[in-house]
Amino acid sequence: MKARVKKDTCIGCGACTVIADQIFQIGEDGLAEVIEPDKTELEKSGEKIQEIPEKDQENVIDASESCPTGAIEVSKE
Ligand code: SF4
């Protein structure tokens, strides 16, 4: 499972950083982002996308469902 925050949709409420604090943080721009983005993906597309360890997947899904603006994108690949 992979996750990313759509910066153009996030309002920086911080909910995801409480629900899945191992994965999400508030960045310097005041918006959420994944803490350990895949470096290859970052260089290729400029997107901060993180592979989510199994132990954190439930929290990431919770965070995604709780995000008031639907800014957390989760993919199963
Ligand atoms: S819960 Fe959603 S809107 Fe709030 S900081 Fe996280 S991604 Fe942004």
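Three strands make up an open sheet in this predicted model, in the order E4-E1-E5 and with antiparallel pairing. Strands here are DSSP runs (E, at least two residues) numbered from the N terminus, and two of them pair if DSSP finds at least two bridges between them. Strands E4 (49-51) and E5 (72-75) sit at the edges with a single partner strand each, so one side of each has no neighbour in the sheet. On average, neighbouring strands of this sheet are turned by 20 degrees against each other, direction ignored; the axes behind that angle are lines fitted to C-alpha atoms, and angles run from 0 to 180 degrees between N-to-C directions.

What holds E1 to E4? Strand E1 (residues 2-5) is joined to E4 by three bridges, and the two run antiparallel. Ala3 has Gln50 as its bridge partner in E4, while Arg4 has Ile49. Towards E5, E1 makes four bridges, again antiparallel, and there Val5 is partnered with Ile72. In a regular strand, side chains alternate between the two faces of the sheet.

Then there is the space inside. The structure holds one cavity of 30 Å³ or more. A cavity is a set of points, on a 1 Å grid over the protein atoms alone, where a 1.4 Å probe fits but cannot get out; lining residues have an atom within 4 Å of a point. The largest cavity has about 100 Å³ of space, a volume being the space filled by probe spheres set on the points, with points joined across faces, edges and corners. Its lining counts 15 residues, and closest to its centre are Cys10, Cys13, Cys16, Ala32 and Cys67. By class, that lining has twelve nonpolar, three polar and no charged residues (Ala, Val, Leu, Ile, Met, Phe, Trp, Tyr, Cys and Pro count as nonpolar, Asp, Glu, Lys and Arg as charged, and the others, Gly among them, as polar).

And where is the ligand? The ligand sits in the largest cavity, meaning that more than half of its atoms lie within 2 Å of the grid points. Around the ligand are 14 residues, with Cys10, Cys13, Gly14, Cys16 and Cys67 coming nearest; a residue is near if one of its heavy atoms lies within 4 Å. The shell around the ligand has eleven nonpolar, three polar and no charged residues.

Residues are numbered from 1 along each chain as its sequence is written, and side-chain values use heavy atoms, with hydrogens and water left out. As the model is predicted, local features need pLDDT of at least 70 and side-chain atom pairs count only at pLDDT 80 or more, whereas totals for chains, interfaces and linings use all residues.

Key
1 Å grid on protein atoms, 1.4 Å probe; cavity = no way out; pocket = protein on both sides within 12 Å on 5 of 7 lines; lining within 4 Å.
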